Amino acid sequence: MKQGFLTTHVLDTYSGTPGKYIKVDLYFIKKNRKKIITIVLNKDGRSNKPLLKDNNFIKGEYELVFHIGKYYKKITTLPKTPFLNEVIIRFGISNTNEHYHIPLLVSPWSYSTYKGN
């Protein structure tokens with residue numbers, strides 16, 4: 001069996017472009033949140049390498065926090081308190097042999113996600 005891994009990317013539906021240079025935090029959820037990694041997406045709105053892989057890719061509940069408020073403040077005018085500041089996606093990994101891909105489609109006022117591969 002092959003070992004699975006976790007990746008993500010952001011598509012900015014407001015601009016019709018990749019969500020480049022967005023900060024993303026990954027947490028493992030047990031009784032408390034434990035931060036695993038903080039990354040900044042590349043110019044294509046993707047991580048340069050998997051967020052989790054090998055022995056670190058284990059079953060459990062996780063959370064991705066996308067800091068999109070800061071991203072949109074750089075490219076458009078937003079209120080002092082933006083409608084969306086952090087987009088949090090909580091998800092579970094149940095099969096460590098699969099590729100889990102968590103894409104985020106986002107604008108300053110909405111977002112959606114799905115399990116990609």
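Q: How many helices and strands does the protein have?
A: The secondary structure comprises 1 helix and 9 strands; these are DSSP runs numbered from the N terminus, with helices being H or I of at least four residues and strands E of at least two. The model is predicted, so local features need pLDDT of at least 70 and side-chain atom pairs count only at pLDDT 80 or more, while totals for chains, interfaces and linings use all residues. Residues are numbered from 1 along each chain as its sequence is written, and side-chain values use heavy atoms, leaving out hydrogens and water.

Q: In what order do the elements run?
A: From the N terminus on, the order is β-β-β-β-β-β-α-β-β-β.

Q: Where is K43 found?
A: K43 lies in the loop between β4 (33–40) and β5 (52–53).

Q: Is K43 buried or exposed?
A: K43 is exposed, because its relative accessible area is 55%; exposed means over 50%, buried under 20% and partly exposed in between, with a 1.4 Å probe and protein chains only.

Q: Which residues does K43 touch?
A: Leaving aside residues up to four places away in sequence, K43 touches P18, K20 and Y21, where contact means heavy atoms within 4.5 Å.

Q: And what separates K43 from T17?
A: Their C-alpha atoms are separated by 9.8 Å, and the two residues are 26 residues apart along the chain.

Q: Turning to the whole protein, how much of it is buried?
A: Of its 117 residues, 43% count as buried.

Q: What box do the C-alpha atoms fill?
A: The box is roughly 50 × 30 × 20 Å, taken along the principal axes.
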